[in-house]
Amino acid sequence: MKPSLLTFDIFGTVLDWRKGLGEADFDRIVDVQGDLEQGRFRPYAEIVAESLVRVRRMDAVSAARMGAEAGTWPLFSDSREALRRMQKLAPLAATTNSDRAHGEQVQAQLGFRLDAWICAEEVRAYKPDRRIWEAAARRLGKPFGRSWWHVSAYADYDLRTARELGLTCVFVRRPHSRERDADLAVPDLAALADAVEAA
């Protein structure tokens with residue numbers, strides 16, 4: 001089915017999370033972030049900072065700076081052009097466990113704006129909470145259904161909720177990705193752009 005909307009996880013799918021955080025203790029840092037996201041709501045910048053202080057014993061000022069600049073972490077090399085190609089065919093939106101400021105940083109790197117940036121800071125909840133997708137549906141005027149494709153490298157929490165909502169689930173193989181069943185699996189976003197163009 002041709003997509004009428006594509007939503008994207010950002011960190012680890014569009015943005016190279018490992019390069020941004022660095023390889024050392026990456027899995028432990030991500031696990032700590034996941035635990036912190038289950039507690040009282042705090043901005044993602046604060047969660048990144050605390051995870052770095054806890055795991056790497058980074059000083060608080062440096063950690064806070066890194067958290068605030070998370071949207072400047074490098075894009076995967078295929079992201080910019082693939083997203084540009086897909087945006088010619090359907091609206092593109094981010095559904096992301098991040099902050100509004102990170103959205104500005106990521107879109108500055110892309111060199112163009114997505115149709116929407118729906119983030120944890122706005123919704124006051126972190127995925128896999130379905131409120132992020134509900135906010136996207138309201139903002140974009142799009143009901144849940146198969147023509148809404150959700151794209152992520154994280155099938156364990158991200159695509160699981162998308163499947164429960166009846167969306168088409170697209171899994172992207174990235175470093176640190178977590179694979180389970182998906183409607184479509186692609187090696188990168190360039191391959192996804194090919195599939196969207198062919199649909």
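A pocket, on a 1 Å grid over the protein atoms alone, is an open set of points where a 1.4 Å probe fits, with protein on both sides within 12 Å along at least five of seven lines; its lining residues have an atom within 4 Å of a point. The model is predicted, so that local features need pLDDT of at least 70 and side-chain atom pairs count only at pLDDT 80 or more, while totals for chains, interfaces and linings use all residues. Residues are numbered from 1 along each chain as its sequence is written, and side-chain values use heavy atoms, with hydrogens and water left out.

The largest pocket has a volume of about 330 Å³. Its lining comprises 21 residues, and Trp17, Val30, Gly34, Glu37 and Tyr157 lie nearest the centre. Two or more lining residues come from each of H2 and helix H9 (155–164), with H2 giving the largest share, 6 residues. By class, the lining holds 8 nonpolar, 6 polar and 7 charged residues (Ala, Val, Leu, Ile, Met, Phe, Trp, Tyr, Cys and Pro count as nonpolar, Asp, Glu, Lys and Arg as charged, and the others, Gly among them, as polar).

Helix H2 (residues 26–37) also packs against helix H3 (residues 44–56), at an angle of about 130° and with the axes 9 Å apart. H2 is therefore oblique to H3 (angles under 35 degrees count as roughly parallel, over 145 as roughly antiparallel, 65 to 115 as roughly perpendicular and the rest as oblique). The crossing of H2 and H3 is right-handed.

The crossing of H3 and H4 is right-handed. Here Ala45, Val48, Ala49, Leu52 and Val53 in H3 meet Ala60, Ala63, Ala64, Met66, Gly67 and Ala68 in H4. The contact has 10 nonpolar, 1 polar and no charged residues.

A further pair is formed by helix H5 (residues 79–87) and helix H10 (residues 189–198), whose axes come within 8 Å and cross at roughly 15°. That angle makes H5 roughly parallel to H10. Ser79, Ala82, Arg85 and Met86 in H5 meet residues of H10 including Leu189, Leu192 and Val196. By class, this contact of H5 with H10 has 7 nonpolar, 1 polar and 3 charged residues.

Key:
Axes are lines fitted to C-alpha atoms, for helices over the stretch in contact, and angles run from 0 to 180 degrees between N-to-C directions. Helices (H or I, at least four residues) and strands (E, at least two) are DSSP runs, numbered from the N terminus. A crossing is left-handed if the near helix is turned anticlockwise from the far one by less than a right angle, and right-handed if clockwise. Grid points are joined across faces, edges and corners, and a volume is the space filled by probe spheres set on the points. Contact means heavy atoms within 4.5 Å.
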